[in-house]
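Let's take a walk through this structure together.

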Amino acid sequence: MLKETFREVIIWRYEPGSAPPTISFNGTNAGANLPSARRGEAEMATVLIKNAHVITAVDDYHAEILIEDGRVHTIGKDIPVGDDVEVHDASGLLALPGGVDVHTHLDWEFGVARTVDTFGTGTKAAAFGGTTTVVDFCNQNRGESPLVGLENWHERRQSACVDVGAHMIMLDINDQTLADMKTLIEREGVTSFKIFMAYPGVLMVEDGGLFKAMRLAGGRGAMICVHAENGPVIKVLVEEAVAQGHTAPKYHMLTRPSSMEGEATHRAICLSELAETPLYVVHLSAIEALAAVTEARDRDIRVHAETCPHYLFLTDEEYDRPEFEGAKYVMTPPLRTHEHQTALWRGLRTNDLQVISTDHCPFCFNEQPYGMKYSKQQGKEDFSRIPNGAPGIETRLPLVHSGGVGKHGMSLNRFVEVTATTPAKLFGLFPRKGTIAVGSDADIVLFDPDETWTIGAAEQHSRIDYSLFEGYSVTGQVKKVFLRGQLIVDGTEWLGHEGAGEFLRRGECGKL
Ligand SMILES: [Zn+2]
């Protein structure tokens, strides 16, 4: 029996044999994996970028780029154009494909906390950092269909300034939600799912459910992403620490040992191997986890992994900061010792790590006008109540360029590969996103590789009130950003607008 109101439909569809509701939302959808279609809005300018030093994952050359209808039309020399064409001179600048950040939590509710960036503010910050595509996490609520979670996410993402796709966080795995996963893959362009092996009672799915989700995804071109930490054991350690009065932020790190990340990563790999499905390990931070990934890849198992700038540039010494300052660095997994950092750089060099994304999950340090719900101060008396997460959406490209290309022998091609091309390929967005090529979306970043500047929260565009990298000097600065041919960032000037971001219906995941 089909009921009329939305809430009733949810109840109805949980009866056996029921069919999933059809999601309707405003906004444009291009086809999976294809360049965006010509849009019916105002005439789009034809744009010529002259003197571009084009860097892709495999190319390095000087050329002109002609953009029409939001896509790269021609790459060549001395392209003849009329007076009506908008011309940009890229002399001295690199032309990079727009960054692809596949790990963000915008406007996301997590227990008693909520991330402080809306899609509008978070994606504006992304754009200033040279990121033009974001794949964000939406979630199923317990007892509800993940299709409802997607519908709610679509409401929130309407303010996005850059293009956005969605991964679905699954909390309940049963016959109905497995059927809903199939619908998400085949109908909604949501082709990756995240399962938490941590946070029992809140977000965690036990191994049987994880295995079932893997089997469902594997045969359908979808991929399972795991937050790999042994949740039940960490829960014991956290409860013991709090009972002993160890409430300072550094106990967040001390109760989440790297071996428990390694154990869960190994377990997830074993399950994915049995399920014959590709696996993506998010925010890998530990030597033990990297060893598990490396060992599996050596056996030709399809496991992929990302790390984040904070694991590459910061260590657990940050938790020794005075007062409550260590709370700024309370993210999961926690920051680790220098030894782990060295291993992660090795992993990037040998391609056992393929992606650098941000895990942008911003909670203010102090209570701001948005309210306590958005603040780390909730955990002032007890580290286990500090919202887990940190900002980073705006600083990824400059940090990786500065630290990777500048200090760790990373090539410019590899820089583009780990920040744009590989994430686009792994998550079903290539070649529309992640490269500069004829027919691809004209998401182009003009980047000055020589400008040195200092990171400061006050100059950033997120609503967050701190930066993990306050006072860091970096070399490499985003100068201009084009989203589908439209100039949205020009130096410090913002030319983009909320609602300009399109929803990205994604194709097959897990292939490189
Ligand atoms: Zn995350």
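H360 sits in the loop between strand 15 and helix 12; helices here (H or I, at least four residues) and strands (E, at least two) are DSSP runs, numbered from the N terminus. This is a predicted model, in which local features need pLDDT of at least 70 and side-chain atom pairs count only at pLDDT 80 or more, while totals for chains, interfaces and linings use all residues. Residues are numbered from 1 along each chain as its sequence is written, and side-chain values use heavy atoms, with hydrogens and water left out.

Is H360 buried or exposed? With a relative accessibility of 1%, H360 counts as buried, because buried means under 20% relative accessible area, exposed over 50%, and partly exposed in between (1.4 Å probe, protein chains only). Leaving aside neighbours within four places in sequence, the residues in contact with H360 include H103, T104, H105, L106 and D117, along with A390, P391, G392, I393 and S462. Contact means heavy atoms within 4.5 Å.

Which residues coordinate the zinc ion? They are H103 (NE2), H105 (NE2) and D359 (OD), at 2.0 to 2.2 Å. Donors are N, O and S atoms within 2.8 Å of the metal (3.2 Å for Na, K and Ca), and water is not among the atoms, so sites may look incomplete. Along the chain, the zinc donors follow the spacing H-x1-H-x253-D. That brings distant parts of the chain together: H103 belongs to strand 6, D359 to the loop between strand 15 and helix 12, and the two are 256 residues apart. H103 counts as buried at 1% relative accessibility, and D359 does too, at 9%.

Eight strands form an open sheet in the order 6-9-10-11-12-13-14-15, with parallel pairing; two strands pair if DSSP finds at least two bridges between them. At the edges are strand 6 (99–104) and strand 15 (355–356), each pairing on one side only. Helix 2 (residues 119–128) packs on the sheet, where it touches strand 9 (131–139) and strand 10, and its direction makes about 145° with that of strand 9. Axes are lines fitted to C-alpha atoms, for helices over the stretch in contact, and angles run from 0 to 180 degrees between N-to-C directions. Helix 12 (residues 396–405) lies across strand 6, strand 9 and strand 15, running at about 110° to strand 6. Inside the sheet, strand 10 (residues 163–169) and strand 11 (residues 192–196) pair in the parallel sense over two bridges. I169 has K194 as its bridge partner in strand 11.

On to the helices. Helix 3 (residues 146–156) and helix 4 (residues 175–187) pack at an angle of about 45°, their axes 9 Å apart. The two are therefore oblique to each other: angles under 35 degrees count as roughly parallel, over 145 as roughly antiparallel, 65 to 115 as roughly perpendicular and the rest as oblique. Where they meet, P146, L147 and L150 of helix 3 face T177, D180, T183, L184 and R187 of helix 4.

Helix 5 (residues 207–218) holds L216, which counts as buried at 12% relative accessibility. Not counting residues up to four places away in sequence, L216 touches L178, M181, K182 and I185.

How far apart are the end C-alpha atoms of helix 8 (residues 258–275)? They are 26 Å apart, which agrees with the 26 Å that its 18 residues should span at 1.5 Å a residue; the expected span is 1.5 Å times one less than the number of residues. Among the buried residues of helix 8 are M260, E261, R267 and L271. Helix 8 is followed by E276, whose phi is positive, near 55°.

H283 has a positive phi of about 30° although it is not a glycine; H283 lies in the loop between strand 13 (279–281) and helix 9 (287–298) and is buried at 2% relative accessibility. N351, in the loop between helix 11 and strand 15, has phi near 65°, a positive value in a residue other than glycine. N351 is partly exposed, with a relative accessible area of 29%. A cis peptide bond joins T332 and P333, with omega about -10°, and the bond from F430 to P431 is cis as well, with omega near 5°.
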